[in-house]
Amino acid sequence: MTAPPKFLWPAEGNEVSYDEVQRLIAYPPEARDVTLIDVRGKEEFLQGSIPTSVNLPLDELENTVHLPAEDFFQTYQFEQPKPHSKIVLTCRSGRRSALAHQKLLEAGFVSVLNYPGSWIEFSSRLPAKA
């Protein structure tokens with residue numbers, strides 16, 4: 001697989017579409033410069049999630065911003081986002097990811113986008129199983 005093009009970060013706005021998420025997940029996380037974070041609870045996340053997304057529950061989000069990087073990785077199994085990191089947030093319907101978006105902006109993160117369709121839209125477009 002060739003190296004992915006840089007994810008086209010919107011010049012304005014704070015949301016991404018289903019098609020933009022599809023382009024993002026076409027590449028493994030280590031080959032791109034964007035982290036896709038699902039803010040649902042762990043059990044809900046395990047029932048189904050957007051491929052390549054990582055889980056950071058909304059109710060734990062604020063406490064993780066100041067965790068030492070090693071503790072964060074040990075708990076969540078992905079690299080702790082920095083204030084300059086590119087992040088796309090998702091949940092079940094877009095409500096919790098919108099709240100997480102606001103919390104991260106208030107914490108000083110500058111490159112955060114919300115996928116308002118979230119799991120409901122994404123899963124509705126999955127091919128039907130035979």
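**Entry 1. Sheet**

I looked up the pairing of strand 3 with strand 4 and found 4 bridges joining the two, which run parallel. In this predicted model, local features need pLDDT of at least 70 and side-chain atom pairs count only at pLDDT 80 or more, while totals for chains, interfaces and linings use all residues. Residues are numbered from 1 along each chain as its sequence is written, and side-chain values use heavy atoms, with hydrogens and water left out.

Helices (H or I, at least four residues) and strands (E, at least two) are DSSP runs, numbered from the N terminus. Two strands pair if DSSP finds at least two bridges between them.

I wrote down the whole sheet as open, with 4 strands in the order 2-1-3-4 and parallel pairing. Strand 2 and strand 4 (111-114) are its edges, each pairing on one side only.

I checked which way the side chains of strand 4 point. Ser111 and Leu113 point one way, Val112 and Asn114 the other way, and all are buried. Buried here is under 20% relative accessible area, exposed is over 50%, and partly exposed is in between (1.4 Å probe, protein chains only). In a regular strand the side chains alternate between the two faces of the sheet.

**Entry 2. Overall layout**

I counted 6 helices and 4 strands in the protein. Along the sequence the pattern reads α-β-α-β-α-α-β-α-β-α. The protein has 130 residues, and buried residues make up 40% of them.

Contact means heavy atoms within 4.5 Å. Of the contacts between residues at least 6 apart in sequence, 59% join residues at least 24 apart.

**Entry 3. Cores**

A nonpolar core is a set of buried Ala, Val, Leu, Ile, Met, Phe, Trp, Tyr and Cys residues joined through side-chain atoms within 4.5 Å. The largest one has 15 residues, of which Ile37, Val39, Leu56, Leu89 and Leu104 touch the most other members. Two or more residues each come from helix 3 (58-64), helix 4 (69-76), strand 3 (86-90) and helix 5 (95-106). I also noted a second, separate core of 13 residues, which includes Val21, Ile25, Leu36 and Val88.

I listed what Leu56 is in contact with, leaving aside neighbours within four places in sequence: Ile37, Asp38, Val39, Leu61, Thr64, Phe72, Tyr76 and Phe78.

**Entry 4. Cavity and pocket**

I used a 1 Å grid over the protein atoms alone: a cavity is a set of points where a 1.4 Å probe fits but cannot get out, a pocket is an open set with protein on both sides within 12 Å along at least five of seven lines, and lining residues have an atom within 4 Å of a point. Grid points are joined across faces, edges and corners, and a volume is the space filled by probe spheres set on the points.

A search of the whole structure gave 1 cavity of 30 Å³ or more. The largest cavity has a volume of about 70 Å³. Its lining includes Ile37, Leu56, Leu61, Phe72 and Leu104. By type, the lining of the largest cavity divides into 9 nonpolar, 2 polar and no charged residues. Ala, Val, Leu, Ile, Met, Phe, Trp, Tyr, Cys and Pro count as nonpolar, Asp, Glu, Lys and Arg as charged, and the others, Gly among them, as polar.

The largest pocket has a volume of about 350 Å³. It is lined by 17 residues, and the closest to its centre are Pro29, Arg32, Val34, Thr35 and Glu79. Strand 1 (residues 34-38) gives the most to this lining, with 3 residues. I recorded 6 nonpolar, 5 polar and 6 charged residues in the lining of the largest pocket.

**Entry 5. Positive phi**

Most residues other than glycine have a negative phi. I noted Thr52, not a glycine, with a positive phi of about 70°. Thr52 lies in the loop between helix 2 (42-46) and strand 2 (54-55), and counts as partly exposed because its relative accessibility is 27%.

Ser118, also not a glycine, has a positive phi of about 45°. Ser118 lies in helix 6 (residues 118-124) and is buried, with a relative accessible area of 0%.

**Entry 6. Arg96**

I found Arg96 in helix 5. Arg96 and Asp38 are 58 residues apart in sequence and 9.3 Å apart in space, C-alpha to C-alpha. Beyond neighbours within four places in sequence, Arg96 is in contact with Val39, Arg40, Gly41, Glu44, Leu58 and Cys91.
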